[in-house]
Amino acid sequence: MFEGYDPGEFYDEMFASSDEVRTSCADVLSKFEKMSDDDFERRRAACDEHFLRQGVTFTVYHDDRGTERIFPFDPVPRVIPADEWEMLEAGLTQRIIALNLFLHDIYHGQQIVRDGVVPEYHIKGAKHYRPEFRGVDVPGDIYIHICGSDLIRGDDGQFYVLEDNGRCPSGASYLLENRNALKRAFPEIFSGSKVRPVDAYPVELRKMLHHVSPHREGDPVCVLLTPGCYNSAYFEHCYLAREMGIEIVEGRDLTVVDDFVYMRTTKGLVRVDVIYRRIDDDFIDPTVFRKDSVLGVPGLMNAYRAGNVALANAVGTGVADDKVIYRFVPDMIRYYLSQEPLLPNVPTYLASEEEDRKYMLDHLPELVVKAANESGGYGMLMGPSATREEIAKFRELILNDPRNYIGQPVVSLSRCPTACDGSMAGRHVDLRPYIIYGSDVKIVPGGLTRVALREGSLVVNSSQGGGSKDTWVLRD
């Protein structure tokens with residue numbers, strides 16, 4: 001099956017060279033090589049059938065081919081040895097603690113601004129900064145309870161943090177279903193493989209929700225607030241609510257009375273203590289944010305300010321998602337923790353800074369340019385593959401709104417063997433681990449490995465044609 005596989009000039013997660021397999025991958029490779037091509041394809045089809053039966057889909061907006069898609073899945077897992085995972089775990093823990101200290105600071109004393117570490121205009125210019133919540137305390141001073149930080153690996157083998165997702169990070173359900181599908185279709189590859197389980201994620205998520213509850217008597221009432229069935233991640237909302245054993249609600253299912261939140265049920269109103277919200281700040285309360293929102297709960301922010309309900313994640317966390325603020329996370333780690341960052345950022349240029357902007361404009365064909373608050377592969381220029389028209393368009397965008405753009409060098413993402421048209425070929429991957437911050441920090445051993453299925457593509461997002469793999473973290 002792997003005959004003729006060429007790892008190329010990139011860092012390959014399975015092969016150190018064309019004739020040398022990495023020690024951590026030797027066992028799984030030998031098991032796949034014992035399969036015939038027909039057997040492999042039959043099992044691969046069984047994975048697709050599993051996703052179809054389970055309704056594991058995502059939504060692509062503005063696409064004539066339809067919106068509901070099955071997330072493409074590749075059965076060859078990505079393997080991470082124990083020592084590498086230990087390093088990633090420590091680095092991600094360090095990062096989420098620093099980000100939470102930063103968020104508490106900017107919504108209270110803003111000492112990091114006074115000390116000149118992060119310029120004030122970068123914070124005030126962040127699209128998701130909520131100045132109206134200055135001085136509002138949140139349970140345990142935790143703002144980001146669930147974070148999905150995207151990691152990439154360069155051709156030097158070093159992991160880098162590409163971005164942090166601290167508002168409503170999605171994808172954890174695909175992580176869990178990838179493992180379920182692979183276990184059903186390829187059970188023998190798990191035999192003796194020492195793969196750490198991932199199925200504790202919903203349990204840890206529920207524990208965290210209980211931890212932040214303002215209501216300490218008995219079990220708190222937790223709900224998952226969804227925008228509804230037309231949202232791109234609605235499958236995940238239903239999935240996680242079911243796995244946690246909590247109710248899934250829309251804004252119309254909740255009401256606020258005397259600064260307490262209640263859920264409408266067939267037996268009457270039930271007080272709600274914690275809301276795991278999958279709705280952005282803009283839509284969560286039409287009396288405070290967007291007046292035209294029909295997705296949120298009028299009065300919710302009054303209950304939140306009064307401390308009668310907890311939100312995960314907290315309001316205002318989006319400022320930490322801003323790609324301009326991302327540039328300063330290593331400085332936050334040094335400032336708040338007096339430590340050196342264990343996981344480096346990708347070098348980043350800020351178009352709002354004159355010297356950086358000049359460099360970006362002079363080197364657009366060599367850089368990746370990103371809008372500060374876009375996601376899903378949108379609002380991005382891949383300089384080396386861009387047309388003259390695309391480069392000219394982004395030059396104009398940068399000049400018109402420099403605060404909204406950053407530039408980064410192209411990182412040669414690592415590759416994994418991926419089944420493509422009857423043979424194995426290297427395809428670029430990233431990794432999104434999921435971090436839960438409650439009484440302590442818990443990180444699912446693995447994460448969602450996304451893979452760019454198009455040859456040569458560095459864009460792994462599902463909305464841009466990417467797929468996913470199961471991620472194996474091995475026991476020590």
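This note goes through several local features of a predicted model, point by point.

1. A buried arginine. Arg450 belongs to strand S24, which covers residues 448-452, and with a relative accessible area of 10% it is buried, because buried means under 20%. Two aspartates meet its side chain: the side chain of Asp430 makes a polar contact with that of Arg450 at 2.8 Å, and the side chain of Asp150 makes another at 3.3 Å. When neighbours within four places in sequence are left aside, the residues in contact with Arg450 include both of these aspartates together with His428, Val429, Arg432 and Val460; Asn461, Gly467 and Ser468 are also among them.

2. Helix H6. This helix runs over residues 172-185, and its 14 residues should span 20 Å at 1.5 Å a residue, which agrees with the 20 Å that separates its end C-alpha atoms. Eleven of the 14 residues are buried, so H6 is largely enclosed by the rest of the structure. The buried residues include Leu175, Leu176 and Leu182, but also Glu177, Asn178 and Arg179.

3. The packing of H3 and H12. Helix H3 (residues 82-106) packs with helix H12 (residues 329-337) at an angle of about 80°, and the axes of these helices are 9 Å apart. The two are therefore roughly perpendicular to each other. On the H3 side the contact is made by Gln94, Arg95, Ile97, Ala98, Leu99, Leu101, Phe102 and Asp105, while H12 contributes Val329, Met332, Ile333, Tyr335, Tyr336 and Leu337. Sorted by class, this contact has eleven nonpolar residues, one polar residue and two charged residues.

4. A cis peptide bond. The bond that leads from Ala312 to Asn313 is cis, with its omega near 0°. Asn313 itself lies in the loop that runs between strand S15 (310-312) and helix H11 (323-326).

5. Two aspartates with positive phi. Which backbone angle deserves a look at Asp141, given that this residue is not a glycine? The phi of Asp141 is positive, at about 55°, and the residue is found in the loop between helix H5 (120-124) and strand S6 (146-148). With a relative accessible area of 38%, Asp141 is partly exposed. Asp259, which is not a glycine either, has a positive phi of about 65°; its place is in the loop between strand S11 (254-257) and strand S12 (260-265), and its relative accessible area of 33% makes it partly exposed.

Note on methods:
Residues numbered from 1 in each chain as written. Predicted model: local features only at pLDDT ≥ 70, side-chain atom pairs only at ≥ 80, totals over all residues. Heavy atoms only, no water. Helix = DSSP H or I, 4+ residues; strand = E, 2+ residues; numbered from the N terminus. Buried < 20%, exposed > 50% of the residue type's maximum accessible area, 1.4 Å probe, protein only. Polar contact = N/O pair within 3.5 Å; in protein donor to acceptor, adjacent residues only side chain to side chain. Contact = heavy atoms within 4.5 Å. Expected span 1.5 Å × (residues − 1). Axes fitted to C-alpha atoms, helices over the stretch in contact; angles between N-to-C directions. Parallel < 35°, antiparallel > 145°, perpendicular 65-115°, else oblique. Nonpolar A, V, L, I, M, F, W, Y, C, P; charged D, E, K, R; others polar.
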